Amino acid sequence: QVQLVESGGGSVQAGGSLRLSCVASGYSLSSSMFSVGWFRQAPGKEREGVAAIYPQTGTTYYNDSVKGRFTISRENNKNTVFLEMHSLNPEDTAVYYCARESAAGTYYSVGNLRRRFDYWGQGTQVTVSS
């Protein structure tokens, strides 16, 4: 059974940094054709794609609002996907989720990547104060 567990959220001041982790179990990142994405949902807003990566190739995609500030990466031997976030601002405040692309699930866009995503983690809160 595919499971994803996020960690690393917290409260920071504007301009600060955080590193989120998403540990996958039930399948191997290195042998999967599916991407893993980071998403966020702020109160009263729809969930939006932030970044995505294909673990086999390292190909990445980003939402324009985070380009140059966020970096998605993976360590396949740890079955983990990371989201490094810098120059955080209050608009980045949200619950951040990781999810795996699937043949089923809901369509989301991350940059110019549009795929179905399923197998969501429980989320981790990121709060940025001004």
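Predicted model: local features only at pLDDT ≥ 70, side-chain atom pairs only at ≥ 80, totals over all residues.

Reader: What percentage of the residues count as buried?

Author: Buried means under 20% relative accessible area, exposed means over 50%, and partly exposed is in between (1.4 Å probe, protein chains only). Of the 130 residues in this chain, 45% count as buried.

Reader: How many helices and strands are there?

Author: Both are DSSP runs numbered from the N terminus: helices are H or I with at least four residues, strands are E with at least two. This chain has 0 helices and 11 strands.

Reader: What is the radius of gyration of the chain, and what would a compact globule have?

Author: The radius is taken over C-alpha atoms, and the globule rule is 2.2 Å times the number of residues to the power 0.38. For 130 residues the rule gives a value near 14 Å, and the chain, at 14 Å, agrees with it. Along its principal axes, the C-alpha trace spans about 40 × 30 × 25 Å.

Reader: What share of the contacts comes from residues 24 or more positions apart?

Author: Contact means heavy atoms within 4.5 Å. Counting contacts with a separation of 6 or more, residues 24 or more positions apart account for 56%. Take Val50, in strand 5 (residues 48-54): among the residues that it touches are Trp38, Phe39, Tyr96 and Val110. Val50 is buried, at 1% relative accessible area.

Reader: Is Ser21 buried or exposed?

Author: Ser21 has 16% relative accessibility, so it counts as buried. Ser21 belongs to strand 3 (residues 18-25), and its contacts beyond four places in sequence include Val5, Trp38 and Phe82.

Reader: How many aromatic pairs does a search of the whole structure find?

Author: A pair of aromatic rings is described by the distance of the centres and the angle of the planes. Rings of Phe, Tyr and Trp (its six-membered ring) pair if their centres lie within 6.5 Å; planes under 30 degrees apart count as stacked, over 60 as edge-to-face and the rest as tilted. The search finds 6 pairs. In one of them, the rings of Phe39 and Tyr108 have centres 5.2 Å apart and planes at 65°, so the pair is edge-to-face. Phe39 is in strand 4 (residues 36-41) and Tyr108 in strand 9 (residues 94-110), so this pair ties together parts 69 residues apart in sequence. Phe39 is buried at 0% relative accessible area, and Tyr108 counts as buried at 19%.

Reader: How are the rings of Tyr108 and Trp120 placed?

Author: Their centres are 5.4 Å apart and their planes at 70°, so the pair of Tyr108 and Trp120 is edge-to-face. Trp120 lies in strand 10 (residues 113-120) and counts as partly exposed, at 26% relative accessibility. Ring pairs link Phe39, Tyr97, Tyr108, Phe117 and Trp120 into a cluster.

Definitions and conventions: Residues numbered from 1 in each chain as written. Heavy atoms only, no water.
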